[in-house]
Each structure stands twice: as structure tokens, then as C-alpha cells.
Amino acid sequence: MMTVMLLILAAILAIMPATAQPQPVECPLPPYQLPLLAPERAFVDEAGDVVISGVDTPFNLPDGLRARQLLWSDDGKVLLVLATDRFFVGVFAYKDGEMTQILTHETLMSLRTEDFRDAVSLMNPQFVPGTHTVLFNTEVSTDAEGIYFEIPLDLWSLDLDTGILTERLPYGEAGQFYVAPDGQSIVLMAHDTIRVTDTRGRNPVVLFEGAVAIGLGESVMYPELVWDAEAEVPTFRTLLTPYHDPNTGRFDSPFVVYEVTLGSEPAVEELFS
């Protein structure tokens, strides 16, 4: 009986039409360019020392500092090391087999003027492609009572070859930034504008005006952007909520995807919402 049932089931399956397979769909987004993070040939051990592949002894940082963040230049020749010990901060660079302190705690403290600051550190550090220069915002840490949150409002550059530190945009004139893949320009996102400048913060051009950041206070969020790795002129896409009202904090406004092409004559196109 079981054999008969199996034969009937096989016959039914044989005459049933085959299930249609979905056709491949071409992805409309450009190729992603991921940020360049420190490869595994450098890491921070349990003691907070910097371990580099091919170097016999870990680098023990002075003054009780522990390494917190590592970032390589795109040629892999210079390693940026950010180190802290609660409210004591230092910046180091590994190059040509040596670890050198580039910025001391005292120098970092001089970058901001708030009376309540206990430490100042690098925020959102990024190498300019093709160079050993790092761009960054500053971040204040405090042990004072109350709640303090930081948003990116200034812009500095640090040349790790020479140690030269330069203010590019004073506090209140910068924003969340992204360095273009060609190393010639940066995109600055403020609360209600998106601008492009050169890597020295000069020649600003407004790309977008409207709601950029979402949220208020410590919950503020800036949109991410994705560079088109195949574009001849630096091009990125980003998702904004231009009709979002930050005062109400509601998220029911429509999202819009924009494509922005930089170069000598920047262009902005609304793709879809």
C-alpha cells in the first residue's frame, strides 16, 4: 500500500509545473567604499599597549596611558594612536619603527576654552587620502556634575610627519565631516546645511539647506553617506529627512535619497523618496 501511495505522489509531482525562480535584480546603488580601519597587524592588548606585527615588544605608552583607538594611513606607513587614562589624553604616531608622542595632554587642553573641561580628545579622526595628515573634531570630557554631550563643531588638521597642528575651522563653523576619496575636499554636515570645502576648510559651497541632523541634544544623529568608488568625480549618496521638525522629534516625515557630485561645479540630484 505504501509503495502505491509513493508512486501516486511521484506521478503528481511529475506533472506539476516547476516553481518559477526569481530573476536577478540589478542593485541601483553604487559600489560601497568602506572606511579604512587599522588592520590586524596592529592591535591593543589587555594592558593597553600597542602590538604591531613584526615588532618584538609591545609599545608601552607613558604616563599610564592606554591606547584606545588605532588608525592607519592609506599607504600603511603611519599609525595614529589615541590614548587615554580617564581624563588624561595623548596622541601618538608609529612611523619607521618608532612610536612618538605628537600631542600632549596640555596641548590638547589648549584647543578648547570651556572652564569645566577636564580633558580634550580627538573626535572622528580621518586621514586625508594620499597623505599623513589627520582631520578631526575635538571632544570635551568633564567630571563636573550634570550632563554634557559633544557635537562636532570645529575642524583641525594634524600632520603626523611634521607634528604641525592647525585650526581649519573655529568652533561653531564646522560639523560632522567626511573626506572625499580623492583627498581634495571634505563634506561638512551641520544641523541644517551640508557644505563642501577643500581640505583646509576654504572655499565653502552650500550643497543642501534644510533638516540634516535628526534629534536634539545627546540624541542628535547625522546621516551617513556612501561614496561611489567608480565615479571619476567624487560622488556620494545620502539619506535625509528634509521635512523633519527637530523641535517635535517626530520621525514620520518622508525620507529622501540624494546623489551629490562634487568637483568644480557641484550638483545635487533627488533620486527617490
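Author: Begin with a sheet. Strands (E, at least two residues) are DSSP runs, numbered from the N terminus, and two strands pair if DSSP finds at least two bridges between them. Here S11-S12-S13-S14 is the order of an open sheet of 4 strands with antiparallel pairing. S11 and S14 are the edge strands, each pairing on one side only. From one strand to the next, the twist averages 20°; axes are lines fitted to C-alpha atoms, and angles run from 0 to 180 degrees between N-to-C directions.

Reader: Before going further, what kind of model is this, and how are residues numbered?

Author: This is a predicted model, in which local features need pLDDT of at least 70, side-chain atom pairs count only at pLDDT 80 or more, and totals for chains, interfaces and linings use all residues. Residues are numbered from 1 along each chain as its sequence is written, and side-chain values use heavy atoms, with hydrogens and water left out.

Reader: How many bridges pair S12 with strand S13?

Author: S12 and S13 (residues 193–198) are antiparallel and pair over 5 bridges. Within this pair, Ser185 stands opposite Asp198 in S13.

Reader: Which strands form the open sheet that includes S9?

Author: That open sheet has 4 strands in the order S7-S8-S9-S10, and its pairing is antiparallel. Strand S7 (119–127) and S10 stand at the edges with a single partner strand each, so one side of each has no neighbour in the sheet. The twist here averages 35° from one strand to the next. S7 is joined to strand S8 (residues 133–141) by 7 bridges, and Leu122 has Thr138 in S8 as its bridge partner.

Reader: How many bridges join strand S9 to strand S10?

Author: Strand S9 (residues 155–159) and strand S10 (residues 165–169) run antiparallel and are joined by 4 bridges. Ser157 has Thr166 in S10 opposite. The hairpin of S9 and S10 has 5 residues between the strands, and there Gly163 takes a positive phi near 80°.

Reader: Now a loop residue. Is Ala180 buried or exposed?

Author: A residue is buried under 20% relative accessible area, exposed over 50% and partly exposed in between (1.4 Å probe, protein chains only). Ala180 has a relative accessible area of 0%, so this residue is buried. Ala180 lies in the loop between strand S11 (176–179) and strand S12 (185–189). Not counting residues up to four places away in sequence, Ala180 touches Pro129, Ser185, Trp227, Pro234 and Leu262; contact means heavy atoms within 4.5 Å. Val233 is 53 residues from Ala180 in sequence and 9.8 Å away in space, C-alpha to C-alpha.

Reader: Which residues line the largest cavity?

Author: On a 1 Å grid over the protein atoms alone, a cavity is a set of points where a 1.4 Å probe fits but cannot get out; lining residues have an atom within 4 Å of a point. Grid points are joined across faces, edges and corners, and a volume is the space filled by probe spheres set on the points. The count is 1 cavity of 30 Å³ or more, and the largest cavity has a volume of about 50 Å³. Ile194, Leu207, Phe208, Thr238, Leu240, Tyr258, Val260 and Val268 line the largest cavity. At least two lining residues come from each of strand S14 (205–209), strand S16 (235–240) and strand S17 (256–261).

Reader: What share of the chain is buried?

Author: Of the 273 residues in the chain, 42% are buried.

Terms used:
On a 1 Å grid over the protein atoms alone, a cavity is a set of points where a 1.4 Å probe fits but cannot get out, and a pocket is an open set with protein on both sides within 12 Å along at least five of seven lines; lining residues have an atom within 4 Å of a point.
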